[in-house]
Amino acid sequence: MSEPRYLSGQLLLALPGMSDPRFERTATAMCVHDDGGALGIVINRPADGMTARALFGQLGIPADAVPEAAPVYLGGPVEPQRGFVVHSLDYDAGATLAVAGRWGLTATLDILRDIGAGKGPARWLLALGYAGWGPGQLDAELTTHGWLNAPATDDLLYAVAPDARWPQAFAAIGVDVGLLSADAGHA
């Protein structure tokens, strides 16, 4: 079976030795990847000291149904002031992007209001910012040492602890990250 040409609906995993510190040890849920570029949300970097409930409060949105400890993730370096919700497909606000039949991506205040009121998706994670690549940029990066892709499961997205998502995604494809070298080989 050949590798898919595009990675929408998969996880993009930074290999040890990633030269860009913004992506070191990241697991990124790829939401868009096509000829026009790529967009993903980093799902394993909780923002220090920030919870979803506190962010809802800052936005003046009631958060009665938001778990006390739900984190806010640093979704990537692009537009870090903009919020994105990666969520189960049981919710569609009309502005929701369905990603490869696996999850939804919504970036409106309506989803936050619905989550706060207990009318949102059953499973979700909230991120600020995203990772973005221009046309062909990610494709070129995939040919050099730096990235590997893996299937994205509901458990990896929502149930696995954030700090365990990166190594567990590697384990899911049979790779022990402890055995990977940070140095690229050259023939």
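## Contacts of F170

Two residues are in contact when heavy atoms of theirs lie within 4.5 Å. In this predicted model, and setting aside neighbours within four places in sequence, F170 is in contact with L13, A14, L15, L148, V175, V177 and L180. F170 itself belongs to helix α5, which comprises residues 162–172.

How accessible is F170? The relative accessible area of F170 is 0%; since the limit for a buried residue is under 20%, F170 is therefore classed as buried. A further spatial relation concerns P151: F170 and P151 are separated by 19 residues in sequence, and their C-alpha atoms are 9.6 Å apart.

## The buried side of helix α2

Helix α2 spans residues 109–116, and its buried residues are I111, L112, I115 and G116. These residues lie on the same side of α2 because they cover an arc of only 135° around the axis.

Which elements cover the buried residues of α2? The covering elements include helix α1 (52–59) together with strands β6 (78–87), β8 (103–106) and β9 (124–133). After α2 comes G118, which has a positive phi, near 80°.

## Aromatic pairs

Under the criterion that ring centres of Phe, Tyr and Trp lie within 6.5 Å, the model has five aromatic pairs. One of them joins F23 and W147 in an edge-to-face arrangement, with 5.7 Å from centre to centre and 70° between the planes. This pair connects distant parts of the chain: F23 is in the loop between β1 (10–14) and β2 (27–34), whereas W147 is in strand β10 (residues 147–151), and the two are 124 residues apart. Both F23 and W147 are buried.

F84 and Y130 form a pair whose ring centres are 5.5 Å apart; the planes stand at 75°, so the arrangement is edge-to-face. Here too distant parts of the chain are linked, with F84 in strand β6 and Y130 in strand β9, 46 residues apart. F84 and Y130 are both buried.

## An aromatic cluster

Which residues do ring pairs link into a cluster with F23? The cluster consists of F23, W133 and W147, joined by ring pairs. Of these, F23 and W147 are the edge-to-face partners described above.

## Elements in more than one setting

How values were computed. Residues numbered from 1 in each chain as written. Predicted model: local features only at pLDDT ≥ 70, side-chain atom pairs only at ≥ 80, totals over all residues. Heavy atoms only, no water. Buried < 20%, exposed > 50% of the residue type's maximum accessible area, 1.4 Å probe, protein only. Helix = DSSP H or I, 4+ residues; strand = E, 2+ residues; numbered from the N terminus. Arc of directions from axis to C-beta. Phe/Tyr/Trp six-rings, centres within 6.5 Å; stacked < 30°, edge-to-face > 60°.
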